[in-house]
Amino acid sequence: MSQQYPVLIVIVPLLSAFAISIAGWVNKRLCFPIIVTALGVAVYASVGLLLTVLEKGVVIYHLGGWPPPVGIAYYVDHLNGLVLVVVSLVALLNVIACKKSIELEFPDKAAPFYTLYILMVTGLLGIVVTGDAFNLYVLLEIAALTGYGLLAMGEERAPLSTLNYLYMGTIGACFYLLGVGYLYIVTGSLNMVDIARLLPPLYQSKAVLAAFIICMVGVWLKMAFFPLHAWLPNAYTHAPSAASSLIAPLVTKVMVYVMIRLILTVFTPEFAFATLALNNVVVWLAVIAIVMGAILALAERNLKKMLTFIIVAEVGYMVGGAWLGNRAGMTGAILHIVNDALMTLCVFLVVGNIVYKVKGYAFEDLQGLFRKMPFTMGAFVVGAMSIIGVPPTCGFFSKWYLILGALQAGHYGFVAALIFSSLVSVVLFFRIFEICYYEPFSDHHGHDHPPEPMDEAPLLMVVPLLIVAVILILVGLYTGDIVNHVIKFAIPEGLV
Amino acid sequence: MFWQIDLAILTLVVVTAVGSLMVKDLLGAAILFGAYSFLMCLLWSIMGAVDVAFTEASVGAGVSSVFFVAAVFRTSRRTKD
Amino acid sequence: MKIIGLIITIITGAFLVYAAVDFPAWADPNSPASTYLSPYFIENSMKDTSVPNFVTSLLADYRGFDTMFETTVIFTAGLVCFILLRISGGKEPETRHYRHVLTGVTVTLKEGRKIPASEDFERIDDLWTPPDLIIKTGCRLMIPFIQLFALYVIAHGHSSPGGGFQGGVILGASIILLAISHDLRTALERMREKVVAILCPVGVAIYAGTGTLCLLLGLNFLDYSALASVLHVDPISARSHGILMVEIGVGIAVMTTMIWIYNNISSAGKYNQGL
Amino acid sequence: MSELIPTIIAKYNYWIYITLMMIGLYAMIAKNNLVKKIVGMNIFQTAIILFYVSIGVKKGATIPISTGGHGAAHEVVHAADYLNPLPHVLMLTAIVVGVATLGVALALALRIYSRYNTLEEDEILAQIRKK
Amino acid sequence: METITSIKPLLAVLVSLLVTPMLISSRSPNVREGWTFVAAIIKLAIVASMVPVILQGTEIVYTVAEVFPGVAIKFKVDAFGMLFALVSSTLWIVTTIYSIGYMRGLNEHSQTRYFCFFAIALSATVGVAFSANLFTLYLFYEMLSFATYPLVAHHQDQEARSSGRKYLLYIVGASIGLVLPAMMICYNLTGTLEFSKQGIFTGTEPNATMLVLLLMLVLGFAKAGIMPFHSWLPAAMVAPTPVSALLHAVAVVKVGAFSVLRVLTGVFGIDLLARLNLGIVICYLAAFTVITASLIALSQDGLKRRLAFSTIGQLSYIVLGVALLSPKGMIGGMTHIAMHAFGKITLFFCAGAIFVATGKKNISEMVGIGRRMPITMVAFFIGSLSVIGLPPTGGFFSKWYLVQGTIQADQWPMLVVLLTSSLLNAAYFFPIVYKAFFCTPEEAMFEDRIEEAPIWCVVPLVITAAGSIALFFYPTLFLKLAELATR
């Protein structure tokens, strides 16, 4: 069975989506066990796949038995093996943690919600695992459409911000499709590896240049890279907490993965970094993204929205790191995909718990939370430390590689931006800690006021959150292993 | 194929596209969009993409227009631009 | 916004024009797209799958995996429309309108009272308009033929334009036509919401299930030649049959999704009279 | 100039697709009405489909359906006789994606209308700001 | 240099970290504090068990995980680290006793949180002491910054909030803004961050780069309180006194000074600094801080604030000693970590005891307090002797070596600075003691009745005062360690 892992990762969630959809009309209590089982299988298969890749190298799976480039093929190498594990793990932990809030927010639409949820995960996993440029587009649309559905289920402003997201997302996906078309018109192939093989003689062609730029712009739109980020904060803020804690960690990160895949596999670093002189422009854009994201986050008085601006800044980290054009920067970008997915999951799950208990996420709603929800806030502290970049949480280590890459590339603007955003993050998070810690103020030194009773979220929500917090630290401690055994092989030899 | 027909369809495609965006009535826009889709479908069948044309005829000109009309019916026909 | 839009549009357009200069000339038989991969499909489609319509063999076999997700996209759209719009378990309206079919008299009942279902009275909404007999009858006559044609399109997709997708849309359109010419309630009596909602995933599941069956029979996912042992035919015919199976799945899924989306949009999720 | 005109004519499909695409893009950015934007979005998508279909065209070739029909497996098929079927297949998918996006977008527009009672973006934003 | 691999350093760090779950789950305060004691004693035992090995000139090494090529989370116990770890783990026990008296005496809130973060802070301190490279040091340094924040802001009122902000802003701002990039640049230049006697640089780097890196690293460890990064220290004095005592006289600030010393001796290396003549820059920075801080201390009325400025000055002694780059000066600087710790903690304990017993915080309100709290004030006298550097206290030795160091390094201006500041120290400590005991009955603000703070408060300060004196007679251990470290 293990040679079928690549397809099982996608097929099991897909089939379970139909099962959940039908179960919703028959017996609603079946939905949750089905989704957990399916995601469990996906996690199992992706871990198994990563281990296989580590042992034997790239795994290729021919769908329909047709060898590429005739048919569609799945290529699993170290890069997407790693991302697969992250995506499936995040989805599994999140669905367990969000069961209560899903049932609270959508008492009668839980089954369609679960269906969309797992379809979204299917889409994301498919994007990561596929080796076919057009197949990627189709899965991109699945992830996007389900995303619109999930996001629009939120507060009253959610449909409008989702519709804006839909416009932007469609433009992004269409640009990507157009880029693939340009590649097809000059090479005649749709298979990524095959395209990469056919491209080198065409590096001077304007069409290839255009294909590259259009693909990049499309992907940047989808990942909300500055200056194309305007849709993200509103769309994520007004979404239901179960949806935002799935989408915020995964979608932008998977899109960053797509960008890296395009650079590394399809266009090859020689073309992307050497033939084109775009590096500097993009890294400066990333610098602006980081600085803007940090400043805009500083202006927010609302926890969830603040976090969304941090996502914009984090996207800047990854894009900038990838475009530094050296090994350390690329390592940092790939490592940050893993780390950022986990830490964003952590903080958004915290927001979910807070919303579940306090029914709000504005700063005023957070008063006294350290006492009220100590475990949730404990995990929040870990997540915040990771976003700030304090060792030994994992956020520090990817930042390390990013800074190292920037130093090696001699790009001091990027170094400064990273340091700046770390400092701003300190302010951002400690402002929140202060509110949760000091307020509401009592008259005298806080000696006598009766301590507020502890009112923690249900165990089912807290335990996955704490697991994520522990993972954040473990990933940090094992960074050396991840880099040496996985990421090192994910980057082609040519990139130094 | 005669180039005159080709040219006429191409012109009409652009005209209907612009028209459906310019007309100050959403129902009109929906219908013009249906016309646009249908012309597009003609264009494709001229190019030999019969399956695509067939699909566009049933989806673009058919179901899409119905969806548009239904949505406009449920909201409003008013538009400022 | 208009000026920004204009600037962005012009820049993008100029860039695309610049890039298009390097394209191979239009309809050039020697362009890479026409010479690299496509000859394989054209020359081997018949040998591999015994399907004369290359588009169908390519759609459902060589790139069948894409098509499975394409169907899933459609299912997703239906589901999203449902989850966004459907007002489930909503309160019954305080006032109900009924129309006596024979006389055309409208009866309004308040405080939630209702008339038991009978031949004589039909329920109507505030927005009710008198039906046109010609349209009603005309549509009623046309619908069976439309459906027959749709089935033909699905079944004959192997050797002529068409296939599960187009046929499914047409099948769906026939029910939508019923809903437009009569009203949504009439259409819903033919196709209950639950039926639609269950058939839709079932349709996609037929597709994915066929693929999984191949996987369980020991070959790769969607490798229809594995079905040969079950269908007792040679692998090439098995591919042809496999394509038919998935086309049927696609047809069911697409038909129900179109109906589902229409139902939800035309009644804004209330499932009343509709358009 | 004398070289330019043949270029324009030789690739007129590409120019048309760019024109349509830009019309759609402009509508999506600059239009105020939500449904108009959705129309623009669909035009944008069809433009790309037009582009792909144009790739598939081949001089002197016919539609991609084997003339031999069933049971003609032994016949030699010449690739040059038939149009490239691959772009067509891709575009079937793209059309489906387009209609799916359309359905979702219209559903969202309906939700927005039921909340704000208008489809004009500026009016909606004004309502939000007033709160 | 011989090395042996042992897990002991890791255990020493983890003991106080692992005890936190016990603290949280303890049902009664007595059980909780029992656990704290157990952890403190185990920690001291582990640290002490390594002393004989270190005294033989051997180093103990333990690698936890390699995180980057050439950089690992790695512990290395050498003489200097041992000196610091020994001081801090000894004083933890004393401070725990004192904390119990103080916190219970004032009936403070959130005591569990207090003890937990205290334990975590101690872990971080020992972690810093045992770090084998700059990265591990940075890791524990940051851990200490964040673990002490809740302690500084313990009172949870507006004042605590603004002080906490200032504390974080200076400490974390400097470490992320200066140390992190400097560390990255070092790594990029050399590919390693491991401390070694020769330093990590080849010496071929441009002088300007070295100067910038040095300044970034020295100033970036803002816990050392070198001006202009000093003003968090007085602000942090809003914390409960045991926190001020252990953390702001011993752990936190000494971690800063320790880190600066590590940078000077381990990252740059004495030889390189001497060759590039960079030591003198640090010397002048430190000298400036010493004098200015002492002058400011003179003008402070709040007892804890005066102690805080005194601390700033004394920290720069340590830095100054090493920056002289002469062997004697280095021994002086390193032993000063221990000597000053004992002296200053006594002073803080006294300040806290006075606050617990009388509620007074300002020096002007303490006239005649010696009659009411004789034991405390005698201890205060001993402590101040140690800080000034007069016999019969341990402080005498470190000052003695420092003075010798200036002579050895031919830095006469520094000798003047040291002597001036000693005079200033005397000028701001002796009046307090004098007024406490020798005042006319009219001036006295207290009744002539002995009423000391609770026994839990008094015992620790007696112990540390006695320790200060004991160090005068038995300074061998620390001197030996410092000597080993400079060799």
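Predicted model: local features only at pLDDT ≥ 70, side-chain atom pairs only at ≥ 80, totals over all residues.

Colleague: How many bridges join strand E1 of chain C to E3(C), and which residue is the bridge partner of Tyr98(C)?

Modeller: Strand E1 (residues 96–100) of chain C and E3(C) run antiparallel and are joined by four bridges. Within E3(C), Tyr98(C) has Arg123(C) as its bridge partner.

Colleague: Let us turn to helices. At what angle do helix H3 of chain B and helix H7 of chain C pack?

Modeller: For a helix pair, one reads the angle, the distance between axes and the handedness together. Helix H3 (residues 50–74) of chain B packs against helix H7 (residues 164–181) of chain C at about 30 degrees, and their axes are 10 Å apart. Because angles under 35 degrees count as roughly parallel, H3(B) is roughly parallel to H7(C). The two helices make a left-handed crossing.

Colleague: Which residues of H3(B) and H7(C) meet there?

Modeller: From H3(B) come Phe54(B), Thr55(B), Ser58(B), Val59(B), Gly62(B), Val63(B) and Val66(B); they meet Phe165(C), Gln166(C), Val169(C), Ile170(C), Ala173(C) and Ile176(C) of H7(C). By class, this contact has nine nonpolar residues, four polar and no charged.

Colleague: Where, within one chain, may I see the opposite orientation?

Modeller: The axes of helix H8 (residues 206–223) and helix H10 (residues 241–266) of chain A come within 8 Å, crossing at roughly 165 degrees. Since angles over 145 degrees count as roughly antiparallel, H8(A) is roughly antiparallel to H10(A). This crossing, too, is left-handed. On H8(A), the contact is made by Cys215(A), Met216(A), Val219(A), Lys222(A) and Met223(A); on H10(A), by Thr252(A), Met255(A), Val256(A), Val258(A), Met259(A) and Leu262(A). The classes here are nine nonpolar, one polar and one charged.

Colleague: Which chains share the most contacts?

Modeller: One begins with the pairs in contact, then asks what each side supplies. Of the six pairs of chains in contact, chains C and D share the most contacts. Chain C gives 53 residues and chain D gives 46. Several helices of chain C each supply at least two residues to its side, among them helix H1 (2–20), helix H5 (64–85) and helix H11 (235–266). That side of chain C has 34 nonpolar, 13 polar and six charged residues.

Colleague: How many residues do chain C and chain A bring to their contact?

Modeller: The contact takes 47 residues from chain C and 49 from chain A. H5(C) gives the most to the side of chain C that touches chain A, with 14 residues. By class, this side has 31 nonpolar, nine polar and seven charged residues.

Colleague: How far apart are chains B and E, and chains D and E?

Modeller: Chain B and chain E do not touch, and their nearest C-alpha atoms are 52 Å apart. Chain D and chain E are likewise without a contact; their closest C-alpha atoms lie 33 Å apart.

Terms used
Residues numbered from 1 in each chain as written. Chains lettered and ligands numbered in written order. Contact = placed C-beta atoms within 7 Å. Nonpolar A, V, L, I, M, F, W, Y, C, P; charged D, E, K, R; others polar. Axes fitted to C-alpha atoms, helices over the stretch in contact; angles between N-to-C directions. Parallel < 35°, antiparallel > 145°, perpendicular 65-115°, else oblique. Left-handed = near helix turned anticlockwise from the far one by under 90°. Pairing = 2+ DSSP bridges.
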